[in-house]
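This briefing sets out the computed features of one protein model, grouped by topic. Please read it beside the sequence and the structure shown here.

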Amino acid sequence: MEYPNSYNYDVIRKRDLQTNPDSFLHFIVDNLIPYLEEIYSVNPENMTLTGHSLGGYWAYYALFHNDTIGKNTFTNYYIGSPSMWANTGGKFMSTYEDEYYNRTQTLNANVYVTVGADEDKNFIFSIENFYNDLQERNYSGLNLTYEKIEGYDHNTVFKPSIKNTLLMFYKKDSE
């Protein structure tokens, strides 16, 4: 199966998630969400942004721009197996986090970071290292959770981690 009109998935993905991530975030916040709110019952107080792999990298980007471009739209972030090797405009995610920290030490968000235990050990190390650095910042309002899921690799960890995301952010208490 091919995408229509010579759609090149890799080119579009790189454009949206690395080359011009601010435009992609603007599109979601300023266009897509208002459109969805017109059609569906959306709770603006409990919205979740999800991203896996390069999308996980971009979800971190959105998190560190939640006070500007993101307009504090998202309460929850699922960041699955983020590609910490990626960069945007020559900047790595640690630079965006540092810029955010210099603006404010408050980060009102629930963040769930996952990785498959069967992924490349250096890949896992970079994710855990960034997670630990983020945890050490001790942001006010940040609820940060990390899970290494045994028996899964980069291509299979999405399914169990998205299930855990839904349970974590949307499970209703049974009374």
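E99 has a relative accessible area of 29%, so this residue counts as partly exposed. The model is a predicted one. In it, E99 pairs with K91 in a salt bridge whose closest N and O atoms are 2.8 Å apart. K91 is likewise assigned to the partly exposed class, because its relative accessible area is 30%.

**Salt bridges**
- Salt bridges with shared partners link E97, D98 and R137 into one network.
- The whole structure holds eight salt bridges.
- One of them joins D10 to R13, with 3.7 Å between the closest N and O atoms.
- Both D10 and R13 belong to helix α1, where they are three residues apart, about one turn of the helix.
- R13 counts as partly exposed because its relative accessibility is 27%.
- Another salt bridge brings together the side chains of R15 and D16, at 2.8 Å from N to O.
- R15 has 41% relative accessibility and is therefore partly exposed.

**D16 in helix α1**
- D16 sits in helix α1, which covers residues 9-19.
- Buried means under 20% relative accessible area, and D16, at 15% relative accessibility, therefore counts as buried.
- Apart from neighbours within four places in sequence, D16 contacts P21, F24 and W58.

**Overall fold**
- The protein has six helices and four strands.
- Along the sequence these elements follow the pattern α-α-β-α-β-α-β-α-β-α.
- A compact globule of 175 residues would have a radius of gyration near 16 Å, and the protein agrees with this because its value is 16 Å.
- Along the principal axes, the C-alpha atoms fill a box of roughly 40 × 40 × 40 Å.
- Among contacts between residues at least 6 apart in sequence, 80% connect residues at least 24 apart.
- Of the 175 residues, 41% count as buried.
- The accessible surface is about 10,200 Å², and carbon and sulfur atoms account for 48% of that surface.

**Nonpolar cores**
- The largest nonpolar core has 39 residues, of which Y60, F64, F74, Y77, M93 and V111 touch the most other members.
- Two or more residues of this core come from each of α2, α3 (54-63), β2 (76-80), α4 (93-103), β3 (106-116), α5 (121-137) and β4 (140-149).
- Helix α3 gives the largest share, eight residues.
- Setting aside residues up to four places away in sequence, Y60 touches I79, P82, M84, M93, V113, F130 and L134.

**A62 in helix α3**
- A62 is part of helix α3.
- With a relative accessibility of 2%, A62 falls under the 20% cut-off and so counts as buried.
- Beyond its neighbours within four places in sequence, A62 is in contact with L25, L49 and Y77.
- A62 and Y77 are 15 residues apart along the chain, and their C-alpha atoms are separated by 9.1 Å.

**Nonpolar surface patch**
- Y35 counts as partly exposed because its relative accessibility is 47%.

Key. Residues are numbered from 1 along each chain as its sequence is written. This is a predicted model: local features need pLDDT of at least 70, side-chain atom pairs count only at pLDDT 80 or more; totals for chains, interfaces and linings use all residues. Side-chain values use heavy atoms; hydrogens and water are left out. Buried means under 20% relative accessible area, exposed over 50%, partly exposed in between (1.4 Å probe, protein chains only). A nonpolar core is a set of buried Ala, Val, Leu, Ile, Met, Phe, Trp, Tyr and Cys residues joined through side-chain atoms within 4.5 Å. Contact means heavy atoms within 4.5 Å. The radius of gyration is taken over C-alpha atoms; the globule rule is 2.2 Å times the number of residues to the power 0.38. Accessible areas come from the Shrake-Rupley method with a 1.4 Å probe; for residues, only the protein chains shown count as cover. A salt bridge is a side-chain nitrogen of Lys or Arg within 4 Å of a carboxyl oxygen of Asp or Glu.
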